Amino acid sequence: MNVQQLHVFLEVCGGKTLADAADKLGLKQPTVSFHLRKLEEELGVELFRKQSRSLQPTEAAADLLPYARRIVFLVEEARLTMQERREQGEGRLRLGASYTPATYVLPPHLAAYRQLYPGVNQQLTVKQAGAVLSMLRSCEIDIGIVSLSDEPQEGLIIQPLVADELKLLLAPVHPLATQQQVNLDELREETFLLHETGSTSRTLSNEWANAVGLKWQSVMELGAIETIKETLKCNMGIGILPHRSVKREIEAGELVMRDLPQYVNRRHICLAYREEEQLSPHVRTFIAFMRRTFLENGKL
């Protein structure tokens with residue numbers, strides 16, 4: 001079993017045809033077939049079954065997949081580490097972030113990091129927090145910056161950087177906007193504008209509602225924070241959003257922010273990285289940079 005065979009295995013497991021995998025890897029199609037056949041012979045199991053014009057992974061392939069990803073990642077990481085030594089600090093840092101930190105927190109930090117390490121090519125993928133953590137576990141990214149609750153994450157180290165509690169948001173013309181405090185009974189008949197299912201803010205919003213005995217009577221589910229904010233400005237309901245996502249609108253008087261009744265914050269913007277003995281140089285420097293930055297600002 002060699003790395004080239006595992007590269008081919010991963011490409012075909014990703015849904016590519018033999019021709020597509022060959023094109024991606026810069027090989028000829030018979031070479032791709034040869035590598036798959038040799039891998040099956042060495043392991044003594046069937047990894048793919050031919051179905052129509054595609055290859056379908058077997059259960060054995062599903063068992064092998066996480067190991068293959070890890071082996072290929074480590075070989076690539078070793079190669080990049082040595083390349084960085086040759087090129088005196090140049091390299092790649094693959095980041096993943098959920099929507100709130102990616103939009104409202106990260107940009108100035110990424111700019112500051114680039115000034116310190118101009119040779120590092122930063123690549124940022126933005127998805128829901130759960131998807132970012134999945135990419136981290138499968139070695140598709142190096143570090144995650146995500147909004148999370150306080151639940152542990154198996155196999156990952158989670159470092160909270162700053163609290164980002166959920167708040168109640170209203171249009172200035174909403175009848176409840178004149179009150180400094182809003183109670184639960186006043187919310188029971190309201191329409192709530194909520195982030196999409198699967199997001200950290202939606203999960204924690206649901207948990208808060210269940211904890212205080214509030215049943216959503218009317219809900220409008222929206223896929224983006226910016227869409228929720230613009231809809232709120234039209235006074236179409238009440239929103240629950242992360243504090244850091246609405247600072248600009250609050251300062252401009254475009255929205256009114258109030259505390260959620262009986263809310264206890266469990267939401268933080270966190271660094272997430274794999275729990276492993278050897279981290280690449282750029283991963284170590286980025287972790288240290290982010291920790292130092294937030295510590296200096298009194299937020300860690």
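This is a predicted model: local features need pLDDT of at least 70, side-chain atom pairs count only at pLDDT 80 or more; totals for chains, interfaces and linings use all residues.
H1 covers residues 3-13, and its axis lies 9 Å from that of H2, the two packing at an angle of about 130°. That angle makes H1 oblique to H2. On the H1 side the contact is made by His 7, Val 8, Glu 11 and Val 12, which meet Leu 18, Ala 21, Lys 24 and Leu 25 in H2. Sorted by class, the residues of this contact are 5 nonpolar, 1 polar and 2 charged.

H2 (residues 18-25) also meets helix H3 (residues 29-43), with axes that come within 8 Å and cross at roughly 100°. Here the arrangement is roughly perpendicular. Leu 18, Ala 19, Ala 21 and Ala 22 of H2 touch Gln 29, Val 32, Ser 33 and Leu 36 of H3. The contact of H2 with H3 has 6 nonpolar and 2 polar residues, and no charged ones.

Strand E1 (residues 48-51) and strand E2 (residues 54-57) run antiparallel and are joined by 4 bridges.

Turning to the sheets, one of them is open and consists of 5 strands in the order E4-E3-E5-E12-E6, with mixed pairing. Strand E4 (120-126) and strand E6 (156-163) stand at its edges; each has a single partner strand, so one side of each is left without a neighbour in the sheet. From one strand to the next, the twist averages 25°. Strand E3 (residues 91-97) pairs with E4 in the parallel sense over 7 bridges, and Arg 94 has Gln 123 in E4 as its bridge partner.

Helix H11 (residues 281-296) lies across this sheet, over E3, E4, strand E5 (143-148), E6 and strand E12 (268-274), and runs at about 55° to E3. H11 also has a helical neighbour in H6 (residues 106-116): the two axes come within 11 Å and cross at roughly 125°. With that angle, H6 is oblique to H11, and the crossing of H6 past H11 is right-handed. From H6 the contact draws on Leu 106, His 109, Leu 110, Ala 112, Tyr 113 and Leu 116, and from H11 on His 282, Thr 285, Phe 286, Phe 289, Met 290, Arg 292, Thr 293 and Phe 294. The class count for the contact of H6 with H11 is 9 nonpolar, 4 polar and 1 charged residues.

The other sheet described here is likewise open, with 5 strands in the order E9-E8-E10-E7-E11 and mixed pairing. Its edge strands are strand E9 (218-222) and E11, each of which pairs on one side only. Direction ignored, neighbouring strands of this sheet are turned by 35° against each other on average. Strand E8 (residues 191-195) and strand E10 (residues 238-242) run parallel and are joined by 2 bridges, with Leu 193 opposite Gly 239 in E10. Helix H9 (residues 225-233) packs on the sheet, where it touches strand E7 (166-170), E8, E9 and E10, and its direction makes about 145° with that of E10.

Finally, charged pairs deserve a mention. Side chains of opposite charge can pair when their charged atoms come close. The structure holds 18 salt bridges. One of them joins Arg 266 to Asp 150, with the closest N and O atoms 2.9 Å apart. Arg 266 sits in the loop between strand E11 (256-258) and E12, while Asp 150 sits in the loop between E5 and E6, so the pair ties together parts that are 116 residues apart in sequence.

Technical notes:
Residues are numbered from 1 along each chain as its sequence is written. Side-chain values use heavy atoms; hydrogens and water are left out. Two strands pair if DSSP finds at least two bridges between them. Axes are lines fitted to C-alpha atoms, for helices over the stretch in contact, and angles run from 0 to 180 degrees between N-to-C directions. Contact means heavy atoms within 4.5 Å. Angles under 35 degrees count as roughly parallel, over 145 as roughly antiparallel, 65 to 115 as roughly perpendicular and the rest as oblique. A crossing is left-handed if the near helix is turned anticlockwise from the far one by less than a right angle, and right-handed if clockwise. Ala, Val, Leu, Ile, Met, Phe, Trp, Tyr, Cys and Pro count as nonpolar, Asp, Glu, Lys and Arg as charged, and the others, Gly among them, as polar. A salt bridge is a side-chain nitrogen of Lys or Arg within 4 Å of a carboxyl oxygen of Asp or Glu.
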